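Me: I would like to go through this model and ask what the labels rest on. Please set each value against its definition.

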Amino acid sequence: MPTPDLLARPHHDGSALYVDRAAPAPGERVTVRVRVPHGHDIDQMHVRQVTDGEPEFSAARITSRTATDTWWSADVVCHNPVTSYRFIMSGPTDGYLWLDAAGLSRRDVPDVFDFRLTTFGLAPDWARHGVVYQVFPDRFAKAGDRPAPEWAEPADWSDPVDTRRGHIGAQWYGGDLAGVELHLDHLERLGVTTLYLTPVFPARSNHRYDAATFDAVDPVLGGDEAFASLVRAAHARGLRVLGDITTNHTGVTHDWFIAASADPAAPQRDHYFFDEQGDYEKWLGVSSLPKLNHASPTLREELFDRPEAPVRRWLAGDSGLDGWRVDVANMTGRLRDHDVNHEVAAHMRATVVDAKPDAYLVGEHAHDHYLDASGEGWHGVMNYSGFTRPVWTWLRDKDFAPSFLGNPLMVPRLGGPDVVDTMTEFNAMVPWSTRRANFNLVGSHDTTRVRTLVGADTRQVGVALTLVMAMPGIPMITYGDEIGMEGAFAEDGRRPMPWNESDWDSQIFDDAQQLVAARRDSAALRDGGLRWVRVEDDTITFLREVAGESVLVHVARDAGTSLELDEKDLPGIGGGRLLAGRGISADGSGIRVETNGPGFALWLWKDGGRHGEAL
């Protein structure tokens, strides 16, 4: 059943239409605004903020009216580093209403879904406004042949991935950093702005999450010189580059671990967890991945603080990275009763910003991240819980149900209302500044490929990519998703990139180019607030809005019902234009949306004053 009257509900979010300072200083007063559509008879409104753990209320006031809405304003003082707030309102017929980030409620609600202002600063503009492209170096491209390392099982570029246990990490296709550099034109052609490389440090696996050192680039990939050349070439094209580092563990061949294992008195001994028998703590029991002990001041000095510490070193200079993705960030610094995760995240954030003020820091987090994503540490996380998984539940093929990152049950297939409720709840628990800095992704090198997820109707890949590009957050595409590469699970999806374009799905690539361009061309898609318009089992429609520009986004996983939107509800909409997709027609007084089967449509229009800029 459709969710009714979504546009008719009072609304607030963390975007500039509703909050006048995205990055307030401690103690600063911030004006927050609520849009109340006409038809509500609200005559009282207060903002409730929590100060030092105690709620306090301030009266809101009507500050403007438009043809469609009454706008109320109130002030919130950023007394604490994270200041939570929500609104209470009432009227003769509306009665008693709370408005928080999860929506409207006629009953009292807990603080967990409060809106939040933070004083930690924002992720850099280039990251929040960009589009990220993930590359697995062994499988993206190779510039030439070189001898295989002794741990490897060499494979030809056309060979299938060997997914047998014991062979997955050893199969070696020979992709290298010079190969990535040779294909930077593909990234430009697609329109992405940021290259994210999975680890490049020496290791004994094709994925390199078992680093042997953090102080050099793997010679198998071309070494330090190839890395510097790639980063300089990317920067020359206006592309940013993210690295990938494991702060949770190293490999057993890491120089720290070798020293720690050889001598109980070694300075590196406390970098790890050793028991009285000399055994060591392993990440998820994997013997090749000893877990790091971040209670150790010497580890933090080695990793973050010394002038040549790896987190600093690889950000330096014109061939330096522009930020880090942190592997298993949710487990870093945590073991039984030992938990310094937030300290480590804040320490790394301070280190990164000190080394490069506009660097970006994103943590891998596959689960509920609200306790770990206040914005003090990681700028954002990979939003598996609030984006990837709900999108999977909506778009997965009826005959294919993947498991999700260790969940013993298969992903269910759900209708639009359940999907939107899931997104809303998970994202309501973090500050808007965090949500905007999170990665939105429908897959990665650790998951099922989206092309396999959706099944035979490849039009649904475009639907998935629309959500990636059009929702609040930073879009991330895994190499090959833009051409329809397949893979039933993580390792199966780590296939070599086919460079013969006859092997590409041209429609998926055309859709991807169109959607990336739409994201880059629209201020509303990059910076706007989010309002739901209509949600049904098979269709989801929403608005992204900034002052002066709005984009209507419509996606359908099946034959969608028609939707008509009138000028009286959304002034100016009839004079807009199609930004991407198909299925929208206008007659000057409004628009009609109608998709024939799975599809997407984005409609952009300019508006003057309808967001309450003046009385």
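Me: What makes Asp418, Asp421, Glu425 and Asp537 a negative surface patch?

Reply: In this predicted model, local features need pLDDT of at least 70, side-chain atom pairs count only at pLDDT 80 or more, and totals for chains, interfaces and linings use all residues. Residues are numbered from 1 along each chain as its sequence is written, and side-chain values use heavy atoms, with hydrogens and water left out. Asp418, Asp421, Glu425 and Asp537 form a negative surface patch. Asp and Glu count as negative, Lys and Arg as positive, while His and the chain ends are not counted. A patch takes residues with over 30% relative accessible area and no salt bridge, and joins like charges within 9 Å or nonpolar side chains (Val, Leu, Ile, Met, Phe, Trp, Tyr) within 5 Å. The place of a charge is CG of Asp, CD of Glu, NZ of Lys or CZ of Arg. Accessible areas come from the Shrake-Rupley method with a 1.4 Å probe, and for residues only the protein chains shown count as cover.

Me: Why is Glu425 called partly exposed?

Reply: Buried means under 20% relative accessible area, exposed means over 50%, and partly exposed is in between (1.4 Å probe, protein chains only). Glu425 has 44% relative accessibility, so Glu425 counts as partly exposed. Glu425 belongs to helix H11, residues 416-428. Helices (H or I, at least four residues) and strands (E, at least two) are DSSP runs, numbered from the N terminus.

Me: How many helices and strands does the protein chain have?

Reply: The protein chain has 17 helices and 29 strands.

Me: How do you know what radius of gyration a compact globule of 615 residues would have?

Reply: The radius is taken over C-alpha atoms, and the globule rule is 2.2 Å times the number of residues to the power 0.38. For 615 residues a compact globule would come near 25 Å; the protein chain has 25 Å, so the value agrees. The C-alpha trace spans about 75 × 60 × 45 Å along its principal axes. Of the 615 residues, 60% count as buried.

Me: What makes the contact of Arg35 and Glu545 a salt bridge?

Reply: A salt bridge is a side-chain nitrogen of Lys or Arg within 4 Å of a carboxyl oxygen of Asp or Glu. The N to O distance between Arg35 and Glu545 is 3.6 Å, and their side chains meet in a salt bridge. Arg35 sits in strand E1 (residues 29-37) and Glu545 in strand E23 (residues 539-546), so the pair links distant parts of the chain, 510 residues apart. Arg35 has a relative accessible area of 0% and is therefore buried. Glu545, at 1%, is buried. The whole structure holds 46 salt bridges.

Me: Why can the pair of Arg48 and Asp114 be said to tie together parts of the chain?

Reply: Arg48 and Asp114 form a salt bridge, with the closest N and O atoms 3.8 Å apart. Arg48 is in strand E2 (residues 44-51) and Asp114 in the loop between strand E8 (103-105) and strand E9 (115-118), so the pair ties together parts that are 66 residues apart in sequence. Arg48 is buried, because its relative accessible area is 9%. Asp114 has 1% and is buried.

Me: Are Arg449 and Asp481 buried or exposed?

Reply: Arg449 is buried, and so is Asp481. The side chains of Arg449 and Asp481 meet in a salt bridge at 2.9 Å, N to O. Elsewhere, salt bridges that share partners join Arg35, Asp69, Arg531 and Glu545 into one network.

Me: Why is Leu284 called exposed?

Reply: Leu284 has 61% relative accessibility, so Leu284 counts as exposed. Leu284 is in the loop between helix H6 (255-262) and helix H7 (297-305). Phi of Leu284 is positive, about 50°, although Leu284 is not a glycine.

Me: What is phi of Leu405?

Reply: Phi of Leu405 is near 45°, a positive value in a residue other than glycine. Leu405 lies in the loop between helix H10 (384-395) and H11. At 34% relative accessibility, Leu405 counts as partly exposed.

Me: How is Ala437 classed at 1% relative accessibility?

Reply: Ala437 counts as buried, because its relative accessibility is 1%. Ala437 lies in helix H12, residues 432-437.
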